[in-house]
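Q: I have a sequence and a set of coordinates open side by side, and I would like to learn how to read them together. Could we go through some features one at a time?

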Amino acid sequence: MDTLLLITTLSIVFQTQVPLVHSYGHDSTCRSYCGNITLDYPFSLQSGCGHPGFQDLLFCINDVLMFHIISGSYRVLDIDYAYQSLTLHDPHLSTCDSIVLGGLGNGFVVEQSRASYLNPTSDNVFMLIGCSVSSPLFRGFPGKHLPCRNVSGMGCEEYYECPAWNTIGFRRVGSAYGSGLPECCAVPFEVMKDVNLSKLDCQGYSSAYSLAPLRASGPGQWEYGIRVKYSVQGNGDFCQVCEATGGSCGYDIHGGTHLLCMCGNWNSTTNCDSVQSSSYRGTWPLMQTLAGFLFFMVVWITSCQI
């Protein structure tokens, strides 16, 4: 009975060390997929992978990659790692073939904590539709009159040529404010820092962007969607060296948000060619010691009872 009690006690102590390994251990790679889109650094669907600033940003739902910020969720159409940009789709966004009114669109508002590294690209134009006379666009935002103009060679003057306007009985007014409010007002994102339809008192919006060096000849050939530029904060060289040595770049979810190089069943604070850091491999020797001690005790007690 004493032997059984001792073995049970030592087994419990041994097993309590196993979660420690899992808490530090990661898969050999953090790269993953959602549908036909590759998830690579700084993005990830796994906790501890990618850059900490991009955690809880992307979600994979039925093989559809979704981008979630304070203004809502958007479908991710593409991630361009070379140019560090994402292309997003809002189902309520107006295009050249369809005008969506009723203030249903999400617009685009990013959290203040992400505003320094996640915003629409400079060639992305927002065309606000059906804004009221009380809209900050025409009263000043803030304290300054915002002109409705072309942005990056795209704007409402061209957008009025789209067939979608005919479906809502659009009657074009003069572009000058003296002849009435324009049905469409084109503004760059950096002027307002967010596109909030409720705050701007607008009925709908469209967003289009150009892909340099290509220049679309008309609104029917524009790329409709929201193209977002991202930048990685912190030490980019660390991740380059990590990946060059076969590792995946991530961060420590237990000890803050400092970067780690994940190398299979162990993590490094430098790269996978370096000696394993004692702070991230100390659990294994402890487990091996306990296992050896347990085996020795079983053999010793058994021999004493013979």
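Q: Is Gln84 buried, partly exposed or exposed, and what decides it?
A: The general idea is a scale of relative accessible area, on which buried means under 20%, exposed means over 50%, and partly exposed is what lies in between. In this predicted model, Gln84 has a relative accessible area of 28%, and therefore it is partly exposed. Gln84 is found in the loop between β5 (72–80) and β6, and its phi is near 50 degrees, a positive value in a residue other than glycine.

Q: Which class does Lys193 fall into on that scale?
A: Lys193 has a relative accessibility of 54%, so it counts as exposed, since the exposed class begins over 50%. Lys193 sits in the loop between α5 (189–192) and α6 (197–200).

Q: Where is Ser85, and is it buried or exposed?
A: Ser85 belongs to strand β6, which covers residues 85–89. With a relative accessibility of 2%, Ser85 counts as buried, because the limit for that class is under 20%.

Q: Which residues does Ser85 touch, once its neighbours within four places in sequence are left aside?
A: A contact here means heavy atoms within 4.5 Å. By that reading, Ser85 is in contact with Asp78, Ile79 and Asp80, and also with Arg227, Val228, Lys229 and Tyr230. With one of these residues, Arg227, the side chain of Ser85 makes a polar contact of 3.1 Å, side chain to side chain.

Q: What polar contact does the side chain of Ser73 make?
A: The side chain of Ser73 makes a polar contact with the side chain of His68, at 2.8 Å. Ser73 is in strand β5, and its relative accessible area of 32% is why it is partly exposed. When residues up to four places away in sequence are not counted, Ser73 touches Met66, Phe67, His68 and Asn106.

Q: How should I read Asp201, and which side chain does it join in a polar contact?
A: Asp201 lies in the loop between α6 and β10 (204–209), and because its relative accessibility is 32%, it counts as partly exposed. A polar contact of 2.4 Å joins its side chain to that of Ser132, and the residues in contact with Asp201, apart from neighbours within four places in sequence, are Gly130, Cys131, Ser132, Ser134 and Ser135. Sequence and space can also be compared here, as Asp201 and Ile129 are 72 residues apart in sequence while their C-alpha atoms are 9.7 Å apart in space.

Q: How much space lies in the largest pocket, and which residues are closest to its centre?
A: The largest pocket holds about 240 Å³ of space. It is lined by 11 residues, and those closest to its centre are Tyr41, Pro42, Gln84, Val232 and Cys239. The lining divides into six nonpolar, three polar and two charged residues, and helix α7 (residues 236–244) gives the most to it, with four residues.

Q: What kind of peptide bond joins Tyr41 and Pro42?
A: Tyr41 and Pro42 are joined by a cis peptide bond, with omega at about 10 degrees. Pro42 is placed in the loop between β2 and β3 (58–61).

Q: Which members of the largest nonpolar core touch the most other members?
A: That core has 56 residues, and the members that touch the most others are Phe67, Phe108, Leu118, Leu128, Leu137 and Tyr159. Strand β8 (residues 124–129) gives the most to this core, with five residues. Apart from it lies another core, of 10 residues, among them Tyr41, Phe238, Cys263 and Trp266.

Q: How many helices and strands does the protein chain have, and what share of its residues is buried?
A: The protein chain has nine helices and 15 strands, and 43% of its 306 residues count as buried. As for contacts with a separation of 6 or more, 65% of those in the chain are between residues 24 or more positions apart.

Notes
Residues are numbered from 1 along each chain as its sequence is written. This is a predicted model: local features need pLDDT of at least 70, side-chain atom pairs count only at pLDDT 80 or more; totals for chains, interfaces and linings use all residues. Side-chain values use heavy atoms; hydrogens and water are left out. Helices (H or I, at least four residues) and strands (E, at least two) are DSSP runs, numbered from the N terminus. Buried means under 20% relative accessible area, exposed over 50%, partly exposed in between (1.4 Å probe, protein chains only). A polar contact is a pair of N or O atoms within 3.5 Å; within protein, one must be able to donate a hydrogen and the other to accept it, and residues adjacent in sequence count only if both atoms are side-chain atoms. On a 1 Å grid over the protein atoms alone, a cavity is a set of points where a 1.4 Å probe fits but cannot get out, and a pocket is an open set with protein on both sides within 12 Å along at least five of seven lines; lining residues have an atom within 4 Å of a point. Grid points are joined across faces, edges and corners, and a volume is the space filled by probe spheres set on the points. Ala, Val, Leu, Ile, Met, Phe, Trp, Tyr, Cys and Pro count as nonpolar, Asp, Glu, Lys and Arg as charged, and the others, Gly among them, as polar. A nonpolar core is a set of buried Ala, Val, Leu, Ile, Met, Phe, Trp, Tyr and Cys residues joined through side-chain atoms within 4.5 Å.
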